Amino acid sequence: EDAAKLVAARGRLMQGCQTGGAMVSVAAEERVVREAIGTSEVSIAGLNGPKQTVISGDEDAVKRVQAHFDEQGVKTTELQVSHAFHSVHMESMLGAFESVAEGCTFSPARIPVVSNVTGERATDSDLSSPSYWARQVREAVRFVDGMTTLREEGVGTYIECGPRGVLSAM
């Protein structure tokens, strides 16, 4: 029941955030993309593969970073999104979302969980912290780091659940 409450609040609060942002996938590693950003108006939103970084933020600023990579012949893809997720555009909801999480009861994980916030195994302390769940909204999704951790721990079979199987290939 609390998990459903948290998921519903996240979706509702995100939809109430500032619109008009943009997200772009760049075929480059995080370090290279981070160096090119140079502004607080653009955030690293996701690390989907070793050389697949998603940026998010104010549309004009994101388009400038995209143009920089396009001029260098680096493949970029504009993502069709309603909001600039995992960017400064989400900050207006963080306090309210953390308050919802504070009203939830958390239990220790029954199976190990790899965090896409850190890319490492999550602790029970992480998973029961309202601030951890707020970080999930704002910080980059470190998918590639999580996959690396799973591989290092001997996991050899993966299932991607979602509308399109794009991350598994990366």
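Predicted model: local features only at pLDDT ≥ 70, side-chain atom pairs only at ≥ 80, totals over all residues.

Student: Got it. Which helix gives the largest share of the lining of the second largest pocket?

Tutor: That's α1, with 4 residues. The elements that give two or more residues to this lining are α1 (2-15) and α6.

Student: How many residues line the second largest pocket, and which lie nearest its centre?

Tutor: It's lined by 17 residues, and Ala3, Phe106, Ser107, Leu127 and Trp133 are nearest the centre. By class, the lining has 11 nonpolar, 5 polar and 1 charged residues.

Student: And what's the volume of that second largest pocket?

Tutor: About 420 Å³.

Student: OK, new topic. At what angle do α4 and α6 pack?

Tutor: About 145 degrees, with the axes 8 Å apart. α4 covers residues 91-102 and α6 covers residues 130-138. Trp133 turns up again here: it's among the α6 residues that meet α4, while Phe97 is one of those on the α4 side. That contact has 8 nonpolar, 1 polar and 4 charged residues.

Student: What about α2 and α3, how do they cross?

Tutor: Their axes come within 10 Å and cross at roughly 120 degrees, so the two helices are oblique to each other. The crossing is right-handed.

Student: Which residues make the contact between them?

Tutor: Val32, Val33, Ala36 and Ile37 from α2, with Val65, His68 and Phe69 from α3. By class, that's 6 nonpolar, 1 polar and no charged residues.

Technical notes. Residues numbered from 1 in each chain as written. Heavy atoms only, no water. Axes fitted to C-alpha atoms, helices over the stretch in contact; angles between N-to-C directions. Contact = heavy atoms within 4.5 Å. Nonpolar A, V, L, I, M, F, W, Y, C, P; charged D, E, K, R; others polar. Parallel < 35°, antiparallel > 145°, perpendicular 65-115°, else oblique. Left-handed = near helix turned anticlockwise from the far one by under 90°. 1 Å grid on protein atoms, 1.4 Å probe; cavity = no way out; pocket = protein on both sides within 12 Å on 5 of 7 lines; lining within 4 Å. Points joined across faces, edges and corners; volume = space filled by probe spheres on them.
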